[in-house]
Amino acid sequence: LVLNDGNYQEAERMLHESLVFFEKQPERWQQEIGTLLGDLGVVRQFQGRNDEAIRLLREAIVMHEAELGAEHPILIRPLVNLARTQAAAGRKDDADTIFRRAVRIAEQRLGTEHPAYSDVLLSYATFLRSTGHKREAKSLEAHVRNARQEIARRDGAGLTVDASAFRP
């Protein structure tokens with residue numbers, strides 16, 4: 001919430017306080033430390049400190065990989081954040097490779113109907129659009145839109161239910 005409000009100093013302070021606590025027992029809290037480092041990387045990216053953000057996000061990814069493996073879905077968020085930061089730093093090829101890895105993990109581990117898969121595709125589409133690949137971006141956006149509509153249709157979103165049908 002603090003980060004979304006643009007209060008980067010407060011977000012940084014809170015993340016550092018949390019890190020101090022968890023780093024007292026790093027072997028026990030490795031996953032949490034990785035998440036905090038990733039969040040601190042996002043703060044750095046918002047502050048325009050891309051090199052530091054990239055270092056922190058890479059460190060978070062390495063920690064998660066060591067604890068959970070190279071294909072665990074928890075990697076999706078820091079990978080997307082790293083890809084966005086790489087793009088902001090002008091490293092488009094690196095960003096594309098990282099985005100593709102995040103998409104692959106989301107697809108293989110969560111499935112194409114999972115909301116996180118759609119979110120990753122939309123982030124990748126935004127990146128593609130920003131790098132001049134508008135046709136590919138439009139295709140991904142249409143794919144996400146169609147998939148979400150199909151899921152909503154199948155799940156009955158927007159349907160009216162007659163409550164009297166539930167009476168004994």
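Which side chain meets Arg154 in a salt bridge? Some notes on that and the rest, point by point.

1. Ground rules. This is a predicted model, where local features need pLDDT of at least 70, side-chain atom pairs count only at pLDDT 80 or more, and totals for chains, interfaces and linings use all residues. Residues are numbered from 1 along each chain as its sequence is written, and side-chain values use heavy atoms, with hydrogens and water left out.

2. The opening pair. Arg154 meets Glu113, with 2.8 Å from N to O. A salt bridge here is a side-chain nitrogen of Lys or Arg within 4 Å of a carboxyl oxygen of Asp or Glu. The pair links distant parts of the chain, 41 residues apart: Arg154 sits in helix H7 (residues 134-155) and Glu113 in the loop between H5 and helix H6 (115-130). Helices (H or I, at least four residues) are DSSP runs, numbered from the N terminus. Arg154 is partly exposed at 40% relative accessibility, and Glu113 is partly exposed at 47%. For the cut-offs, buried means under 20% relative accessible area, exposed over 50%, and partly exposed in between (1.4 Å probe, protein chains only).

3. Arg104 forms a salt bridge with Glu71, and the closest N and O atoms are 2.7 Å apart. Arg104 lies in helix H5 (residues 92-110) and Glu71 in the loop between H3 and helix H4 (76-88), so this pair ties together parts that are 33 residues apart in sequence. Both ends come out partly exposed, Arg104 at 33% relative accessibility and Glu71 with a relative accessible area of 29%.

4. A bridge within a helix. Arg55 and Glu59 also meet in a salt bridge, at 3.4 Å from N to O. They are 4 residues apart in helix H3 (residues 50-68), so about one helical turn separates them. Arg55 is partly exposed with a relative accessible area of 44%, and Glu59 is partly exposed with 34%.

5. Bridges overall. The search of the whole structure turns up 15 salt bridges. Glu12, Arg44, Arg49 and Glu52 are linked in a network of them.

6. Aromatics. There are 7 aromatic pairs in the whole structure. The rule: rings of Phe, Tyr and Trp (its six-membered ring) pair if their centres lie within 6.5 Å; planes under 30 degrees apart count as stacked, over 60 as edge-to-face and the rest as tilted. Tyr8 and Phe46 have ring centres 5.6 Å apart and planes at 5°, so they are stacked. Tyr8 is in helix H1 (residues 8-22) and Phe46 in helix H2 (residues 30-46), so the pair ties together parts that are 38 residues apart in sequence. Tyr8 is partly exposed, with a relative accessible area of 25%, as is Phe46, at 44% relative accessibility. Phe21 and Trp29 are a tilted pair, because their ring centres are 6.3 Å apart and their planes at 50°. Phe21 and Trp29 also form one aromatic cluster with Phe22.

7. The largest pocket. It holds about 410 Å³ of space. Of its 19 lining residues, the closest to the centre are Leu3, Asp39, Val42, Arg77 and Asn81. H1, H2, H4 and H6 each supply at least two residues of the lining, and H4 gives the most, with 5 residues. By class, the lining has 12 nonpolar, 3 polar and 4 charged residues. Ala, Val, Leu, Ile, Met, Phe, Trp, Tyr, Cys and Pro count as nonpolar, Asp, Glu, Lys and Arg as charged, and the others, Gly among them, as polar. On a 1 Å grid over the protein atoms alone, a cavity is a set of points where a 1.4 Å probe fits but cannot get out, and a pocket is an open set with protein on both sides within 12 Å along at least five of seven lines; lining residues have an atom within 4 Å of a point. Grid points are joined across faces, edges and corners, and a volume is the space filled by probe spheres set on the points.

8. The cavity and Ser118. The count is 1 cavity of 30 Å³ or more, and the largest cavity has about 30 Å³ of space. Its lining is Thr112, Tyr117, Ser118, Leu121, His143, Val144 and Ala147, with H6 and H7 each supplying at least two residues. That lining has 4 nonpolar, 3 polar and no charged residues. Ser118 lies in helix H6 and is buried, with a relative accessible area of 4%. Leaving aside neighbours within four places in sequence, Ser118 is in contact (heavy atoms within 4.5 Å) with Val144 and Arg148.
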